[in-house]
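I opened a new structure today and kept notes as I went. Here is what I looked up.

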Amino acid sequence: MKQIPNIFTLLNLFFGCLAIVYALQTNAVNIYQGDDLASSFSLPEKLTFASLFIGIAAVIDFLDGFVARLLKAESMLGAQLDSLSDVVSFGVAPAMIILQLLRLSFMQQANAFDINEAWLLPVFILPCAGAYRLARFNLDKSQQYGFKGLPIPAAGMFFASLPVIAYYNYLDGAVNAVIFNKWFLYAITLLISYLMVSRLPLFALKFKDKSFKNNFPAILLLGITIIAAIFLKWLAIPVAIVAYIGISLSTKKST
């Protein structure tokens, strides 16, 4: 029974590895930034599968802690396994997604084949920042009901949402123009990496007790996420993460 939570944790790692494999596939489908074919380009067909597997890993990452508490099987081994798995699923796998998006961005340039591969190296800042954040988290026992810095699953889910948003281009070409803009990708990679290693106070994504007051931030975030999902569909994921940061900061200022 004590190994059941660890099996969940290793499934997290398993799906993170699958996400990396699918992120590096090369079969492509056309993505349009407007109504005409001339403004279209190709998105690796399996990139959305990478997003799917990161999402599955995120669900399992939530469940392994729940199962460990339910079975009273929490352990130091489980904590270390969880961090190691998270680095792969929410650090390395999303970095591969950013790498592919950057490659597509450069492919739109006239001198695409002359681009030095060194321009792709900044994507690895993300897993490095995630690993640092997790190592610090493991040593800091004060983060039971709050986090210092953006949790790595949230960072991973942010980048995992980008290919899905682009694939199901239900808004207009302007959204895809942002997603496949190299400067946006560089900036958001640096920003998310900074948020992970920062000591920004963020509330834990779990209910403290049965009172409305103590759980108001989590309830508000849940409400925003549901409304965003109804009207914005997949774009709700980055919106929810931005809302999470905003609610955390406003709650901290009011206390």
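My entries below take up a salt bridge, aromatic rings, a surface patch and a helix.

**Ground rules.** I am working with a predicted model, where local features need pLDDT of at least 70, side-chain atom pairs count only at pLDDT 80 or more, and totals for chains, interfaces and linings use all residues. Residues are numbered from 1 along each chain as its sequence is written, and side-chain values use heavy atoms, with hydrogens and water left out.

**Salt bridge.** I searched for salt bridges (a side-chain nitrogen of Lys or Arg within 4 Å of a carboxyl oxygen of Asp or Glu). The structure has one. Asp140 pairs with Lys148, and their closest N and O atoms are 3.1 Å apart. Side chains of opposite charge can pair when their charged atoms come close. I then checked burial (buried is under 20% relative accessible area, exposed over 50%, partly exposed in between; 1.4 Å probe, protein chains only). Asp140 is buried at 18%. Lys148 is partly exposed at 29%.

**Aromatic rings.** I looked for ring pairs (Phe, Tyr and the six-membered ring of Trp, centres within 6.5 Å; planes under 30 degrees apart are stacked, over 60 edge-to-face, the rest tilted). The whole structure gives twelve aromatic pairs. I picked out Tyr22 and Phe53, a tilted pair with 5.3 Å centre to centre and 50 degrees between the planes. Tyr22 sits in helix H1 (residues 4–23) and Phe53 in helix H2, so this pair ties together parts 31 residues apart in sequence. Helices here are DSSP runs (H or I, at least four residues), numbered from the N terminus. Tyr22 is partly exposed at 26%, whereas Phe53 is buried at 13%. Both belong to a cluster linked by ring pairs, together with Phe14, Phe15 and Phe49.

**Surface patch.** I noted a nonpolar patch of Val59, Phe62, Leu63, Phe66 and Leu70, with about 500 Å² of accessible area together. Such a patch takes residues with over 30% relative accessible area and no salt bridge, nonpolar side chains being joined within 5 Å. Areas come from the Shrake-Rupley method with a 1.4 Å probe. Phe66 lies in helix H2 (residues 47–70) and is partly exposed at 41%.

Methods. Patches are made of residues with over 30% relative accessible area and no salt bridge: like charges are joined within 9 Å, nonpolar side chains (Val, Leu, Ile, Met, Phe, Trp, Tyr) within 5 Å. Helices (H or I, at least four residues) and strands (E, at least two) are DSSP runs, numbered from the N terminus.
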